[in-house]
Amino acid sequence: MEALIACSKPSPLPGSQQKHLRTRPSQPNHRITHLIIPSFPRLRSIRPVAKPSRLFPALSSSSAVETNAEAPEMEAQVEGEKFDWYAQWYPVMPVCDLDKRRPHAKRVMGIDVVVWWDRHEATWKVMDDTCPHRLAPLSEGRIDQWGRLQCVYHGWCFDGSGDCNLIPQAPRDGPPVHTFQKACVAVYPSTVQHDIVWFWPNPDPAYKDIFTKKKPPFIKELEDPSYTKLMGNRDIPYGYEVLIENLMDPAHVPYAHHGIMRIQQQKDSEKVDREGGKPVELSVKRLDVNGFLAKQDMGASKFLPPCIFYANTDPITDIGNGSASSAGAPSSPSARKSKMALIFICVPVSPGKSRLIWVFPRNFSQWIDRVIPRWIFHIGQNLILDSDLYLLHVEEYKIMEIGSLNWQKACFVPTKADALVVGFRRWLNTYAGGQVDWRGKFSGALPPSPPREQLMDRYWSHVVNCSSCNAAYKGLNVLEIALQIASVALLGIFAATKHSAASAIRRNSVGVIAVVCFAASRWLAHFIYKNFRYHDYDHAFH
């Protein structure tokens, strides 16, 4: 598992539980593999024998999916179990990228929510992003001096329970219209786990205590203080299904990310092309409504629907309750020094849009994350995302044309390298209706494809949503302006200095420094644009 081993080497370029209730009824040549799952050798997946799925016709013997004696057990589960998209916890954003001084607009499962810090309850609140007055977005508002969420259209104010505390236009001696139920805002159950804000997408009061009955998926490494856990997030211009498939596909890494990620090759392996592609054997087992486990020589991975794909260098133990953990504890200190996991959290946003939250916990070289700022890691991680972004965006339109249920009829997947992708599609079609259940919010069509530069824009998809990159972007822009001002000032001094033998050296030095400052400002402007705005990737020249 060469790429995962490479991932365990530090590089500057990779990358509490609180709940609250709703009070009103619902209304319907970067060294490291930063973001891509490594080449997992030796895996094969399972498909039922007794009753083949109508959605997935039998494959040839060379297929990524093979018959297995355990298939009847899976078939028994198919009969009565279906995945409920609205009976799950969904991640909204990492806490490190939320500003307590302002509300934040987010969309998850087609639901527009506002996330804000309620200082009275000392917790993050997730509410409907709609003011009941004239339907203005509350996320464009502010937190007022009393800690209330204020709609800036007409000044209506709301507390963390969704109750309206103030309608400025209502007469003080009139009826208390702010207490009417129609003046309230729907509040979703929410919690903080693994330093991520999660919410339950149903604000009905019946779910106010849902956290006591069902919790978000638990990942041991994210609660272990011996592991680092720097996070990143980005809005992705293609859908949830394509995003998860891509992260489950190690075979594309040497090709789609050529020149960015250096994959170590085995000394005795024969290269069939420049990129070093090779057979990748993957297998999926125990696929059911709760996801599946996957195996490879040096580790395993697990899909925890709907959002989490988890990979570890150790075999993964299925401990139930939507959890993922590596099996066993290392027996020696030396073993403990090489533990690392890859955790991808894929959030359905709307058709053709998704959000990725990533974290790569490790229990070695923790000092690197304390010394190097997060934005340095994000530069390389965003470049990897950009390098296959356009491919996947176009691919999604082609899948939409043929229909998601016809995916396997249209796609030829004869090798075991695609086992995880085929397993995900089988789970999606068998248990989850073949696609995300948007509950009629959308027509089913994908949004129009934007120009390439807009499609691959980093500023609005990542920088404004990342506290580290946003601070770096502002700071580097200030530095650029300072360098320009310095170059102009030094040129003025250069011009004003009298020509004399004694002052010639000083005068020439000032001129050289002015030129250097100007050149540095131009280089910095290019660096800012390329790493915080737009960086295209031309596969023909990589």
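In helix α13 of this predicted model, ten positions are listed as buried: Ser468, Cys469, Asn470, Ala472, Tyr473, Leu476, Glu480, Leu483, Ser487 and Leu490. An α-helix has 3.6 residues a turn, so residues three or four places apart point the same way. Among the buried residues are Tyr473, Leu476, Glu480, Leu483, Ser487 and Leu490. What do the buried residues of α13 pack against? Their partners are α8 (374-387) and α14 (504-532).

**The nonpolar core**

The largest nonpolar core has 85 residues. Trp85, Tyr240, Phe303, Leu356, Phe424 and Trp427 have the most contacts inside it. Which helix gives the most to this core? Helix α11 (residues 419-431) does, with eight residues.

Take Trp85 as an example. Leaving aside residues up to four places away in sequence, Trp85 touches Tyr240 and Trp427, among others. Its other contacts include Tyr90, Met109, Pro201, Pro306 and Leu428.

**Strands**

Now for the strands. Strand β22 (residues 341-350) is mostly covered, with 10 of its 10 residues buried. β22 pairs with β19 (residues 308-312) and with β23 (residues 353-359). In the second, Ile345 stands opposite Ile357. β22 and β23 form a hairpin, with two residues between them. Gly352 sits in that turn and has a positive phi of about 80°.

A further group of three strands forms an open sheet in the order β3-β13-β12, with antiparallel pairing. Which strands are at the edges? They are β3 (90-94) and β12 (190-193), and each pairs on one side only. Neighbouring strands of this sheet are turned by 30° against each other on average, direction ignored.

| Strands | Bridges | Direction |
|---|---|---|
| β19 (308-312) and β22 | five bridges | antiparallel |
| β22 and β23 (353-359) | seven bridges | antiparallel |
| β3 and β13 (196-199) | four bridges | antiparallel |

Strands of a sheet pair through backbone hydrogen bonds, either parallel or antiparallel.

Definitions and conventions. Residues numbered from 1 in each chain as written. Predicted model: local features only at pLDDT ≥ 70, side-chain atom pairs only at ≥ 80, totals over all residues. Heavy atoms only, no water. Buried < 20%, exposed > 50% of the residue type's maximum accessible area, 1.4 Å probe, protein only. Contact = heavy atoms within 4.5 Å. Core = buried A, V, L, I, M, F, W, Y, C linked by side-chain atoms within 4.5 Å. Pairing = 2+ DSSP bridges. Axes fitted to C-alpha atoms, helices over the stretch in contact; angles between N-to-C directions.
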